[in-house]
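These are my notebook entries on one protein model. I wrote down what I looked up, one topic at a time.

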Amino acid sequence: MKREHSARLFERASNLMPGGVNSPVRAFKAVDGPPLFMARGEGPLLWDEDGNQFIDFCCSWGPLILGHAPEAVLSAAIAAMQNGTSFGAPNKFENELAALIVENHRWVDKIRFVNSGTEAVMSAVRLARGCTGQAKLLKFEGCYHGHVDSLMVKAGSGLATLGTGSSAGITEAAAADTVVVELNDSEALEQAFKRWGSELACAIIEPIPANNGLLLQDRQFLLLLRKLCSQHGTLLLFDEVISGFRVGFEGAAGFFDIEPDLLTFGKIIGGGFPVGAYGGKAALMSQVAPEGPVYQAGTLSGNPVAMAAGAAQLRQCLAPRFYDDLNQKTDAFVSEINQLALAAGIEFFAHHVGSIFWLAFGDQRPVRRAAGINPRSGELFKKFYGALLDAGVYLGPSGYEVGFVSTAHSQLQLAESAAKIVKAALAAYS
Ligand SMILES: *Cc1c(COP(=O)(O)O)cnc(C)c1O
């Protein structure tokens with residue numbers, strides 16, 4: 001595989017931007033070689049600056065549920081853009097995207113658009129604190145909620161503990177209001193509520209944790225969380241930036257049939273543009289400025305191009321059988337991988353829910369907590385990844401990241417990719 005152009009671009013980028021990138025995982029630190037600079041995407045395919053072609057399962061980390069450059073999204077964005085790129089004033093496309101969500105999601109009465117998932121979570125947490133008058137947050141080890149200070153926190157020692165910052169620059173004060181609990185651990189959850197319940201503004205969870213492997217939770221555990229939140233007057237915040245509109249139009253809330261108080265969205269709702277959102281019960285959302293006292297604003301929020309693109313994408317998602325077809329296609333793909341891996345006699349398993357999948361080097365299934373991930377996976381993934389790129393299959397460059405199937409991936413491409421994936425996994429073990 002040629003990498004000259006990417007290597008040259010990365011060298012230049014490294015003198016201009018920290019680590020040569022604008023988001024750390026892109027730097028290929030967990031795998032070999034310079035990161036690939038991407039030049040073009042079309043449907044399920046991606047081409048880098050050296051002209052290498054890949055089947056893309058990263059899909060920009062989830063937003064591209066229709067694949068790259070889908071006609072419906074492109075034409076909506078271009079049409080909007082021809083009338084100007086930003087007004088800083090209300091525009092009709094905000095109504096379009098908001099109505100698509102509010103009218104088709106049982107638990108979103110009102111929604112506010114922002115510019116990223118991080119911003120959505122940060123704002124929803126402020127709203128939860130504003131509504132409850134409480135300061136503390138409860139989060140789960142292994143869930144990612146963007147780079148919000150109070151949520152970039154890992155557990156201290158013990159079962160239910162106050163957190164410590166997981167990055168330089170996060171003050172003790174920012175971390176001290178966050179209680180961290182293990183995923184899928186009912187006992188620890190009960191203890192945490194017993195100790196901190198009366199002080200918790202909200203409990204935030206990725207109801208389908210997909211940023212540290214794919215750590216599927218028992219529905220019973222999520223129901224317990226719902227019950228404890230209701231009992232203690234704690235708001236339940238489902239961070240559905242990755243799962244929203246991905247496992248179904250109502251995301252993980254619909255998948256588990258559990259009602260959260262607040263939800264955060266991002267990724268898919270922007271149709272590939274930078275959009276985030278938070279929404280939920282009308283009584284809570286009415287507390288957001290200018291209706292209520294919780295301030296939150298944005299120069300480019302509700303941007304007409306991004307809103308038009310997002311609306312065009314979500315309209316496609318509402319087509320009959322959209323999710324049934326996508327999920328069935330992914331089922332078949334994942335089953336093929338698992339059958340081939342079994343036949344090859346290697347410890348390699350594709351976990352999935354809906355069209356999110358995670359390729360794991362381990363025999364534990366399901367994996368419900370970060371601690372269940374095989375410690376050898378980092379080293380195995382590195383070899384796997386190199387072989388996979390050579391075979392023309394692109395995934396996010398880390399073994400802890402999930403992959404996505406889009407409607408643009410054909411059954412034939414999926415079947416061919418399954419064979420290439422297992423071949424690369426065999427190479428990793430050799
Ligand atoms: C991606 C993600 C975020 C952060 O969104 P950005 O747009 O990258 O800021 C937050 N929460 C979850 C669950 C995510 O998957």
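How many residues of the lining of the second largest pocket are nonpolar, how many polar and how many charged? I found 9 nonpolar, 10 polar and 2 charged. For these classes, Ala, Val, Leu, Ile, Met, Phe, Trp, Tyr, Cys and Pro count as nonpolar, Asp, Glu, Lys and Arg as charged, and the others, Gly among them, as polar.

Before going on I noted the ground rules. The model is predicted, so local features need pLDDT of at least 70 and side-chain atom pairs count only at pLDDT 80 or more, while totals for chains, interfaces and linings use all residues. Residues are numbered from 1 along each chain as its sequence is written, and side-chain values use heavy atoms, with hydrogens and water left out.

**Entry: the pocket**

I looked up the space in the second largest pocket and got about 370 Å³. Of the 21 residues that line this pocket, Glu 94, Arg 112, Phe 113, Ser 301 and Gly 302 are the closest to its centre. Two or more lining residues each come from α3 (92–102) and β4 (110–114). Helices (H or I, at least four residues) and strands (E, at least two) are DSSP runs, numbered from the N terminus. On a 1 Å grid over the protein atoms alone, a pocket is an open set of points with protein on both sides within 12 Å along at least five of seven lines, a cavity is a set where a 1.4 Å probe fits but cannot get out, and lining residues have an atom within 4 Å of a point. Points are joined across faces, edges and corners, and a volume is the space filled by probe spheres set on them.

**Entry: the cavity**

I counted 1 cavity of 30 Å³ or more. About 50 Å³ of space lies in the largest cavity. Its lining includes Phe 357, Trp 358, Leu 359, Phe 381 and Glu 401. Strand β15 (residues 356–360) gives the largest share of that lining, 3 residues. By class, I noted 6 nonpolar, 4 polar and 1 charged residues there.

**Entry: the ligand**

Among the residues around the ligand are Ser 116, Tyr 144, His 145, Glu 206, Asn 211, Asp 239 and Lys 267. The shell divides into 3 nonpolar, 6 polar and 3 charged residues.

Asn 211 has a polar side-chain atom 2.9 Å from an oxygen atom of the ligand. For Asp 239, a polar side-chain atom lies 2.7 Å from a nitrogen atom of the ligand. In the side chain of Lys 267, an N or O atom is 2.6 Å from a ligand oxygen atom. On its own the ligand has 380 Å² of accessible area, and the protein covers 83% of it; such areas come from the Shrake-Rupley method with a 1.4 Å probe.

**Entry: the backbone**

Most residues other than glycine have a negative phi, and most peptide bonds are trans. I looked for exceptions. The peptide bond from Ala 289 to Pro 290 is cis, with omega near 10°. Pro 290 lies in the loop between α9 (282–285) and α10 (304–317).

Phe 28 is not a glycine, yet has a positive phi of about 65°. Is Phe 28 buried or exposed? Phe 28 counts as buried because its relative accessibility is 3%; buried means under 20% relative accessible area, exposed over 50%, and partly exposed in between (1.4 Å probe, protein chains only). Phe 28 sits in the loop between α1 (4–14) and β1 (38–42).

Ser 60 also has a positive phi, near 55°. Ser 60 is in the loop between β3 (53–56) and α2 (71–81), and at 42% relative accessibility counts as partly exposed.

Key: A residue is near a molecule or strand if one of its heavy atoms lies within 4 Å of it. A polar contact is a pair of N or O atoms within 3.5 Å; within protein, one must be able to donate a hydrogen and the other to accept it, and residues adjacent in sequence count only if both atoms are side-chain atoms.
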